[in-house]
Amino acid sequence: MGIVEAILLTVITAATPLVLAAMGELVAERAGVLNLGVEGMMVMGAVLAFAATQMTGSPYIGILAGIAGGALFSLLFGFLTLTLVANQVATGLALTILGIGISGQLGEPYVGMSGTKLQPVAIPLLSEIPVLGPLLFRQDLIFYMSIALVAGVHWFLFRSRTGLKIRAIGDNHASAHALGIDVIRMRYLAVMFGGACAGLAGAQLSLVYTPQWVENMSAGRGWIALALVVFASWRPWRLLAGGYLFGAVSISQLHAQALGLGIPSQFLSALPYAATVVVLILISHNRRMTLINTPASLGKPFVPDR
Amino acid sequence: MRIELEKRPQASAFYSVLSPFIALFLTVIAGGIMFALLGKDPFSALYGFFVEPLLDIWSIHEIAIKAAPLILIGVGLSICYRSNNWNIGAEGQFTAGAIAGSIIPVVFYEWHSPLVLPLMLIFGMIGGALYAAIPAFLKAHMNTNEILTSLMLVYIAQLFLDWMVRGPWRSPDAYNFPVTRDFAPEAILPELVSSGRTNLGFAFAIIAAIALWFMMRYTLKGFEITVLGQSQRAGRFAGFSSRKMIWFSMLLSGALAGLAGISEVSGAINKLQPIISPGYGFTAIIVAFLGRLNPLGIVAAGLFLALTYVGGEAVQLTLSVSDKVTRVFQGLLLFFVLSCDTLILYRIRLVLAGRPGAAQSGAS
C-alpha cells in the first residue's frame, strides 16, 4: 500500500465519526430541533461502547451499546425541550456538560486499558479492485454504516412520506400540526435518531479511531459536526463531502506533525477548529442563502394547542 | 400517562423565585442516588459535599476564590443570553484575558511600579473583549453563528496558552516545567481580609454584579437588552439596533471573562501554566441560568457552584470518589434548573387517560 493510500485511509477514519454525528444532527435539525448536545451524546457513546466491548469481548456489542446509549441519553434532551419546552440551546449545553461528566465517571476504571479494535471486513470481489478496494471495501462495519446512513437519510428525507413530514414540521410546525402530524412524537424520534448516530460516532472513536478510553475523547468533534450540518446546508450528500473535507483537515495536522515542519504542534492542533470557523464564515456571509436553507422552525419551541 | 402543558396567563412570580430552589433540591436528591450507586453512604457523602466545606474558614475562603470568576463570567453571560446572543466561549475569553494580562509580569518583569497591577487588569479586560470581538464581528457583520465560533475559539485559546508557556514564555529557571516565571509581589492581587486567601477578585465580582443589576433594572440600556432579547422586531421599532447589541453584550461579557482570567492568574495561581481553569467558563453558563439571568441571583448561584467545586475536592479525599462527581453534579443541576423553569410559564398536568385532551378540546 502506497503512502497516498495510507493517508487517504486515515482521512476516512477521521471523517467517519464527523459524518455519523452530523448525519444524526441533520435529521434532528430538519425536524426543527437544534440539539447542541452532540458532543455529550458522542462521548457517552464512546465510553459505553468501550465498556461493553471490554465486558463482552465483542466490539459489535460495543457498537450496539454506543447506539443505544446515545439514543437513551438524547431522550433527556427530548424530554426537556419537547415536553417541558425548555430552551434548546441551554438544554443542549447541559447535555454536553452532563455527558462529559457522566462519561468521565463511568470511564474511570477503563482509563489506560488497551481496547479491542474493530476489525475490517473485506467485501468479496470489490475489495480486490486496485486502490479503491483496500480504501473503500476493506473497512470496518462502522464505515459501511456511515455510507449507508447518508444514502438512507437522503432517500428517507426526500423520497419517503415520513421524510416529507419531518421536513414539514421543521419548516412550519404549526401548519404541520394543523395537518394532523404529531409534531412532538416525530421530533422525539428525530432527536433519538440523532442521539443514536452520535452514539455510533462515539463508538467509532473508542473502537476504531483510537481503540481505548480517554476522558473527553471526542475533543470538540461534536461541535465540528454541528458546523458541518450548517456547511452542508442540511443536505446529506453535501454533508458527506464536507465530512471528508473536515476529516482531511483534522488529520493533516497529524501528518504535518510527523513531517516535523518546525511549526509548533499546538498551532497544527488548532487547525481543525480554525478551519471550522473559516468555513462557517464562508458559508454564512450570504444571509439570503442561509435563510433559504435553514429549517424555518429550527430551535423554536412548540406547544400543541388544545 | 403523559404530561401536558398549559400556558399561564402571566409568568408566575411564585415559581420564578421558587424554581431554582426546587432544582437545587432535586439535584441534591439525584446526587444522593448517584453516591448510593457508587457504593457510598449518600448522607455522609452529601454532608461532606455540601455542608462540611461551610464549617471551616479555610474552605469558605476557597469557595470565595472559586466563586469570583464564576460570578464575573456569569453576570457577563447573563447580559448576552438576555439579549439572545449565545456566547458559550467564555472559557476562551477567560484564557485570552489571562494571557493578555500576564504580558507585563512575564515580559516586563523588571518593571516595578504600583501601576503594574491596574494595567494588568486593564490588559486582561481588553484581551477578553478583543477575543469576544471575533465572534461578535462575525455575527454582526458576516451573519455567522456565534455559538459555534465562540466555542471553537476556546480550543484555539487553550492551545495558544499551551504553546506560550511551553515556548516563548517558559520560565528560564523552572527546570523545563511548562510555567512562566512567578509574578512579582506587586503583580499579585492583594488579599481581601487577613483571615484567608480570598483576594480582590471577589470584590470585583460583587461590584460587577451590582453594577449590572443596576444597569438592567434602572437604565435604558437594560430595557434595550430585554426588548431586543424578547423580540428583535419590537426592538427595531423602538429604534434599538440588534447589531450594536451584539457588540455591546459580547464585548462586555468578554471583558468580564478576561478580568476573571487575569484575576485568577494573578490572585490564585501567581503564574501562567497550561491549565488555568477547571472549566469556569462553562460552569458559569450553569451559574447564569441558576441565577435566572439576574445579576444578584448569579452571586448566589456562583457561590453555590463554587461550593460544588470545593465539596467535590473534599469528598474526593475523604470518600475516594473521582473529581468527575463535581461535573456530574453541575450538569444535573443545569438540567433541573431548565426543567423547573417550565413551571414559571406553564402549568404542568399529568394526564392519565390514553388519548388525552380530546374531551377538553371539544369544549374549548
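A residue counts as buried here if 20 or more other C-beta atoms lie within 10 Å of its own, exposed if 12 or fewer, and partly exposed in between, with C-beta atoms placed from the backbone. Keep that in mind and select chain B: of its 364 residues, 51% are buried.

Some housekeeping before moving on. This is a predicted model, where local features need pLDDT of at least 70, side-chain atom pairs count only at pLDDT 80 or more, and totals for chains, interfaces and linings use all residues. Residues are numbered from 1 along each chain as its sequence is written, while chains are lettered from A and ligands numbered from 1 in the order in which they are written.

**Stop 1: chain B as a whole**

Stay on chain B and switch to cartoon. You'll find 16 helices and two strands (DSSP runs, H or I of at least four residues for helices and E of at least two for strands, numbered from the N terminus). The radius of gyration, taken over C-alpha atoms, is 22 Å, close to the 21 Å from the globule rule (2.2 Å times the number of residues to the power 0.38), so chain B is as compact as a globular protein of that length. Its C-alpha trace spans about 80 × 60 × 35 Å along the principal axes.

**Stop 2: colour by confidence**

The chain B mean is 88, with 96% of residues at 70 or more. Confidence is highest in helix α4 (residues 90-101) of chain B, at a mean of 96, and lowest in helix α16 (residues 358-363) of chain B, at 41. Select residues 356-364 of chain B: pLDDT stays under 50 there, and the model has eight contacts beyond four places in sequence for them (a contact means C-beta atoms, placed from the backbone, within 7 Å).

**Stop 3: where the chains meet**

Show both chains; the model scores ipTM 0.87 and pTM 0.89. Here 42 residues of chain A are in contact with 43 residues of chain B. On the chain A side, the elements giving two or more residues are α3 (59-83), α4 (88-107), α10 (221-231), α12 (265-284) and α13 (287-293) of chain A.

**Stop 4: a helix inside chain A**

Finally, select helix α2 (residues 38-56) of chain A. Buried or largely exposed? Of the 19 residues of α2(A), 16 are buried, so the helix is largely enclosed by the rest of the structure.

How values were computed. pLDDT = per-residue confidence, 0-100. Contact = placed C-beta atoms within 7 Å.
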